[in-house]
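Which charged side chains pair up, and where do they sit? This report takes the salt bridges in turn.

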Amino acid sequence: MQYAMADWYSSIPIFAGISATALEQLSTSAEVLKFQAGRLLFSQGEPGHSFYLIESGEVEVFQVMDGGHEKQIALLPQGDFFGDMAILECAPRSASVRTTQTSLLHEITTADLHQLYKSMPDQYSILILNIARDLARRLHKMDNQFSYRKAAD
């Protein structure tokens with residue numbers, strides 16, 4: 001069973017270049033959680049010490065704006081991940097996340113990552129670099145969207 005999970009992990013882009021042994025360690029240590037549609041997973045401003053992989057289902061990332069209305073940032077499908085900023089910096093969550101349908105999620109904590117660092121520092125470094133690259137890609141995409149909207153105004 002765990003081999004199948006490690007194999008599934010290898011299909012997720014942030015795990016590119018990660019060894020089968022490291023994937024096995026992460027998939028074994030991750031907590032698998034099932035949530036019904038509409039479940040708030042965490043709120044903007046809360047402390048965060050983990051990130052999540054979406055095995056099945058979908059989540060909505062949103063921010064609560066002044067006046068209390070919600071602005072959707074992203075809809076993330078199966079095979080995507082979220083919450084990664086919390087493991088790269090010690091800052092409150094920048095957005096809220098809730099499920100839009102029944103979802104099966106894998107939670108990887110900073111403690112899980114610390115264990116990877118202690119046992120396989122080279123694999124830890126590859127993973128952190130992959131997460132940073134994906135974060136840069138997402139920021140670049142949002143910057144382009146913002147620039148496009150500004151030009152249209």
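The sections below cover the basis of the model, then each salt bridge.

## Basis

This is a predicted model: local features need pLDDT of at least 70, side-chain atom pairs count only at pLDDT 80 or more, and totals for chains, interfaces and linings use all residues. Residues are numbered from 1 along each chain as its sequence is written, and side-chain values use heavy atoms, with hydrogens and water left out.

A search of the whole structure gives three salt bridges (a side-chain nitrogen of Lys or Arg within 4 Å of a carboxyl oxygen of Asp or Glu).

## The Arg-98 network

Salt bridges link Glu-60, Glu-70 and Arg-98 in a network. Arg-98 meets Glu-60 at 3.0 Å, N to O. Arg-98 lies in strand E7 (residues 96-99) and Glu-60 in strand E4 (residues 58-64), so this pair ties together parts 38 residues apart in sequence. Strands here are DSSP runs of at least two residues, numbered from the N terminus.

Arg-98 also forms a salt bridge with Glu-70, with the closest N and O atoms 2.4 Å apart. Glu-70 is in strand E5 (residues 70-77), and this pair links distant parts of the chain, 28 residues apart.

Glu-60 counts as buried at 13% relative accessibility. Glu-70, at 42%, counts as partly exposed. Buried means under 20% relative accessible area, exposed over 50%, and partly exposed in between (1.4 Å probe, protein chains only).

## The helix H5 pair

Asp-134 and Arg-137 form a salt bridge at 2.8 Å, N to O. They are three residues apart in helix H5 (residues 121-152), so about one helical turn separates them. A helix is a DSSP run (H or I) of at least four residues.

Asp-134 is buried, at 11% relative accessible area. Arg-137 is partly exposed, at 47%.
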